[in-house]
Amino acid sequence: MHSPGTKVTGFIVLMIVQIILLALFWLFVRYGDEALPLAEGEELGEPHVSKYPHFQDVQVMIYIGFGFLMTFLRKYGYSATGYTLFLAALVVQWSILVKGFFHMEDGKISLILENIVDADIAAAVPLISMGALLGRTTPIQLLFMAIVEIVLFAANEYVALNIFSACDVGGSITVHAFGAYFGLAVSLMLRPSKEQNEAGKYEGANYTSDIFAMIGTLFLYVYWPSFNSVLADGNARERAILNTYLSLAAATVTTFIVSALVSHENKLDMVHVQNSTLAGGVAIGTVCNLLVGAHGAILIGIIAGCISVLGYSYLSPRITAVLGIHDTCGVHNLHGMPAVLSAIASAIFACLVTKEKYKSELIQIFPAMAAAPENSNSTIILGGYERTATAQAGFQLCAIAVTLLVAIVGGIITGAILKYTGMRKLQKDEHHQDELHWEVPDHKED
Amino acid sequence: MHSPGTKVTGFIVLMIVQIILLALFWLFVRYGDEALPLAEGEELGEPHVSKYPHFQDVQVMIYIGFGFLMTFLRKYGYSATGYTLFLAALVVQWSILVKGFFHMEDGKISLILENIVDADIAAAVPLISMGALLGRTTPIQLLFMAIVEIVLFAANEYVALNIFSACDVGGSITVHAFGAYFGLAVSLMLRPSKEQNEAGKYEGANYTSDIFAMIGTLFLYVYWPSFNSVLADGNARERAILNTYLSLAAATVTTFIVSALVSHENKLDMVHVQNSTLAGGVAIGTVCNLLVGAHGAILIGIIAGCISVLGYSYLSPRITAVLGIHDTCGVHNLHGMPAVLSAIASAIFACLVTKEKYKSELIQIFPAMAAAPENSNSTIILGGYERTATAQAGFQLCAIAVTLLVAIVGGIITGAILKYTGMRKLQKDEHHQDELHWEVPDHKED
Amino acid sequence: MHSPGTKVTGFIVLMIVQIILLALFWLFVRYGDEALPLAEGEELGEPHVSKYPHFQDVQVMIYIGFGFLMTFLRKYGYSATGYTLFLAALVVQWSILVKGFFHMEDGKISLILENIVDADIAAAVPLISMGALLGRTTPIQLLFMAIVEIVLFAANEYVALNIFSACDVGGSITVHAFGAYFGLAVSLMLRPSKEQNEAGKYEGANYTSDIFAMIGTLFLYVYWPSFNSVLADGNARERAILNTYLSLAAATVTTFIVSALVSHENKLDMVHVQNSTLAGGVAIGTVCNLLVGAHGAILIGIIAGCISVLGYSYLSPRITAVLGIHDTCGVHNLHGMPAVLSAIASAIFACLVTKEKYKSELIQIFPAMAAAPENSNSTIILGGYERTATAQAGFQLCAIAVTLLVAIVGGIITGAILKYTGMRKLQKDEHHQDELHWEVPDHKED
């Protein structure tokens, strides 16, 4: 048992982190033009007006969606909602800086609405990883993990989008695959010794906690089209909305059906309903702005629902048994596998891209397939301009491969730090319960 | 007791349904122009941008609003939220097709944002019917009902809006009245034998389930102005928002007052608070874009709150006693009667319509009252152009009459199919509880 | 013990109030131009389109945010959500009238979207006061208080914004400080006799009620940028969003840290997490559209989080012990002190205002600092035009001073009326429990 002193030290370190963030904002962040007063007579541009509702939907997904989705554990609801809020509030500040450092102008980061959209999306990454580890870390460990993870995420995203010029508008590769496999790698490092490998005493839902979790599921479901389309523009944004909507619907129907078919006594399983229904949103993510067709979106949704439920039923128990990797929320089934599916789909659909079909959108969606601009001094793109469709498909696969590599190696190193340094760690009997870190009322549910 | 085999068969049939949906999308659905890449230099139109936030509000109403409103039963929360999700996810796909078949171009359905707005609105119809039946059907029965109901709904809507040229921007006639009376007719067919007519063992709320239900109520309340105004345009949309807002507020105040006055020991009743507060949104639905005046909206809200609470207190018990129709959520009081009120109000306000008052909006809101367009070869409207105000009022009443007829006859036939074919039916002691179809955790609320 | 008759009388009086509201709307309220049909060929203006999503976010904050935030009491969840709905529904009607009377044209109030935005914001005021009193009043007392409070609020707001020309875009002075200190003053008058000063039998959370309260917290958190920015325009709106976002994030991180440091055994306290995290939204309110810089917003958030948690831990118990003022939700720590902080910050930042920095926004944000318009016959502003930065700072401090004065004096008088007139009052053992005014189901949580 660690002394309370360790805990206090951790929180004092965090206070210093917050103050360092304040200093970095002071030094590096300035309002961008669209957040500054106009000169007299200057005209108002309004790119931000149309994205603000999308942004608010993403906010709901991060704080209410993720927060409540993780309340399914019957004694871990304070932590699920509270740590989600804590972690996201820290990460959004950090990721504005980290992502900003990749795109500075005159040594300053320009702050506009887009930066906080990006920050919210980045916050999803450690929250996904947290899902794999839920109930088995201290808040200090989580926050340390998140701080490291955001740096690796931003670097990997830069490689995937700016070096490889891969398309990934809904972030399935850079956000979902990265967050899931990073979290699983950390979980691998934190795996308990063999004799402690059974489920924790408090691991499991009760009736009320399962309904709380549905708040998370349903808000994620409803707003997922906004998540996938917030970075798309023009007509491609509408297409991203339509495809995501259909893929989610098909994944949901499939989830219920497969859940009933594989479950004990053909009963529906809330774990599947809470999670696999959303696999359609992940699986369509990378390709949602492509011309996949309504049927393509539905097909992807059906496949995603299937693999996600089957993953929960058959694969996850095997992974725990064989590798010792616990995955509390099953992020491998909700985020991991569907994201890989999305990456594969993106390679397939990239093969079919032609200038005739994508017209003016080609340069937005697949900039490396377009002709080199007249003055192309500012952008260096791996493989050069006028990439073929097959080459683009190859780069899509490179993007997922590098993502998996960075996530897994980064996760293993991060997990090792969490395990072998002086940070307080949870004992097995401290897992999945709030009482260790929260004042919990005595009152019975009366 | 039916064998598990029946259940498996049902789910396999559903899998086939989902695959048929996939095939139909493949054959008939294409992206509409606003979801397709623009040619170089083509300008972006953006009708969809302004409707997307409305659409997202409607999404919240369907999945969170309806889902949680039905969680008030203390042992039926998984089903309330889960079946809402399942049913809506199936219905939106189906209704895109069914409604699309009424408006095909060159044998194809053009998919744009409007189609999924319409699909979400259509999903409300079987969810309302489900409210009448809540806890007394299997999921397979619900889904079968929904599939049939959507076809009848789409046909009836076509008659009301395109043949009768009735106005019904908030869908009170075509959505709320249809859904409610269809569900009640199905409930009539599924009524238990006389000796089993008392309330079910598990029918009732507990403290927690009643608060969960308030999540549904409050989101429906907050977003109802979006539901009623999403199909309105221009200044009429703002009017629809204002009228709905005021009608809801007045209905809510009235609900609390009447609830206290009619209840035992003058205590407030959560059933009224959860439901009758929303009657103002239904009652203003058909007329919300008309020039009803702020006072008109408030008056309609007051009347709606009154009849809804009185319906719960006095009428519903009579209907159950006399006709044997159970109405678990009281959809007759929330959707049925207020929708009829809305239809009557629409006839009254239609009488007052003049070209001078409605100016450029006349042709949008009451197209049959406008002068015939120069080349009117494409539209045939019952009763011809330049309809008088009184004639329009008559057609409003025809719309609600036909709606009631189609809903009740359709519901009786559908209920008969549910009852007399081989589909598994629930026994009385299986009502209102999740355990039959869901894996429910053993953990006590500890 | 009062007779049931008192209760019935109260509700009948309320019915009369609702009918009077109807009459006043009939007499005084007309649709504004943007809600009326256009003449043929007239062009659609669309200022309202861009504000509607903001408005809907504010709606969620009022009804779901406030409603659920107050569900933390384990036996008062029906009242928390129900009375919030009841009170808000009454107040929005009343405040459209009261605020409208200050801005009539030709003896009529023009109803447009902005009026209902304002009405929702006004509804926050008595809801904040209700937070101070939660569980210690009857619904009739609450509604009486709200009716009086709205009049004083509107008058005070008129003084602060129109006479003093203070800036207060997020309403920290006029809404948060006013609501909090008014509620505390009422609470002072309703304080129990000395021997009854201990906490109520039912005052306290249980595990489930604390998670319900997080629904409120998280929606308030997510949508607070909309609350603060809904009345800002152009680029200043984007700045208001960015500053609010950062202040909230910094306050949240700080809240968790300080909560852990000051709490028993360094455990986190849900009261802090539910409330102090939001102090950043209040504290940035008055200055969120100013050029405070990203670092300024973060610094304000850090200070707000600190004082709010320390207020809960040290100040509130002292206030109760010394003055006998109970503050059920701790509105002094969430709304009161952070709002005063915001006012002080506004004086500081007002000192730094120059025409060079604010350019075309100066006249919008600080109209009294701008040059007098050519025909300034309509506006009389205290202190005249071309106010200096220091004078503006002085008027900011006047605004908060007058607000505190009006709120406290008004609250004391209102509290005296609630206490010394014939209105039914709650006994100590009737506090913080629904059973007195609600039908509560017998069913155990089974």
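## Where chains C and A meet

Let's start with the contact between two of the chains: 67 residues of chain C and 71 residues of chain A take part, with contact meaning heavy atoms within 4.5 Å. Together, chain C and chain A bury about 6200 Å², 70% of it on carbon and sulfur atoms. Buried area here is the accessible area (1.4 Å probe) that two parts lose on being put together, summed over both.

This is a predicted model, where local features need pLDDT of at least 70, side-chain atom pairs count only at pLDDT 80 or more, and totals for chains, interfaces and linings use all residues. Residues are numbered from 1 along each chain as its sequence is written, chains are lettered from A in the order in which they are written, and side-chain values use heavy atoms, leaving out hydrogens and water.

## What holds a place in the interface

The rule finds 1 salt bridge between chain C and chain A (a side-chain nitrogen of Lys or Arg within 4 Å of a carboxyl oxygen of Asp or Glu). Lys355(C) and Glu40(A) form a salt bridge through their side chains, at 3.0 Å from N to O.

On the side of chain C that touches chain A, there are 35 nonpolar, 18 polar and 14 charged residues. Asp, Glu, Lys and Arg count as charged, Ala, Val, Leu, Ile, Met, Phe, Trp, Tyr, Cys and Pro as nonpolar, and the others, Gly among them, as polar.

## How the copies are arranged
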